[in-house]
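Hello,

Here is the structure I promised to pass on. Have a look at it first, and then read my notes below.

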Amino acid sequence: MSARIDDVPPIAHLAELEASASLGLRLPDGRDALLVRVHGRVSAFENRCPHQGVPLEAEPDRFLEAGGELIQCAMHGALFLPEGGECVFGPCQGEQLREIPVSVDDSGRIHLASE
Ligand code: FES
């Protein structure tokens with residue numbers, strides 16, 4: 001039997017994505033992850049660049065390029081779509097960030113979705 005969404009503690013809240021639109025966090029299973037909110041859509045990925053396996057950010061909670069539309073790796077500038085995580089520019093073009101399914105409830109709490 002799967003747990004009801006109310007039984008699972010949220011990993012973050014939408015309010016945390018108001019100021020910067022991106023957020024780094026550690027999941028309960030120990031994975032480092034990033035959350036982004038682009039055009040109102042929240043998505044989450046493992047914080048690991050497919051190019052060299054390093055964390056993407058140079059500064060805490062900064063995962064989007066200046067335009068706020070694409071996820072950027074600070075190491076060599078690769079750019080990733082916030083929908084699906086495909087690399088569309090840079091040395092890992094065509095590879096993908098590993099997406100983590102999440103859902104947002106009516107109170108703005110962000111939960112891991114059951115995979
Ligand atoms: S490590 Fe991310 S672009 Fe090279």
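Is Cys 92 buried or exposed? Cys 92 counts as buried, at 1% relative accessibility (buried means under 20% relative accessible area, exposed over 50% and partly exposed in between, with a 1.4 Å probe and protein chains only).

Before the rest, a word on the source: this is a predicted model, in which local features need pLDDT of at least 70 and side-chain atom pairs count only at pLDDT 80 or more, while totals for chains, interfaces and linings use all residues. Residues are numbered from 1 along each chain as its sequence is written, and side-chain values use heavy atoms, with hydrogens and water left out.

Now the cysteines. The structure holds 0 disulfides, a disulfide being a pair of cysteine sulfur atoms within 2.5 Å. Cys 92 is in no disulfide, and its nearest cysteine sulfur, that of Cys 87, is 3.4 Å away. For Cys 87, the closest cysteine sulfur is the one in Cys 92, and the 3.4 Å between them is too far for a bond. Cys 87 is buried too, with a relative accessible area of 1%.

Leaving aside residues up to four places away in sequence, Cys 49 touches Val 54, Leu 56, Cys 73, Phe 80, Cys 92 and Leu 97 (contact means heavy atoms within 4.5 Å).

Ser 43 sits in strand S4 (strands are DSSP runs of E, at least two residues, numbered from the N terminus) and is buried, with a relative accessible area of 2%. A polar atom of its side chain lies 2.8 Å from the backbone oxygen of Pro 82.

Finally, two backbone angles. Most residues other than glycine have a negative phi. His 39, in the loop between S3 (32-38) and S4 (41-46), has a positive phi of about 50 degrees, and His 39 is exposed at 67% relative accessible area. Asp 61, in the loop between S4 and strand S5 (71-72), has a positive phi near 65 degrees and counts as partly exposed at 29%.

Best wishes

Note on methods: Helices (H or I, at least four residues) and strands (E, at least two) are DSSP runs, numbered from the N terminus. A polar contact is a pair of N or O atoms within 3.5 Å; within protein, one must be able to donate a hydrogen and the other to accept it, and residues adjacent in sequence count only if both atoms are side-chain atoms.
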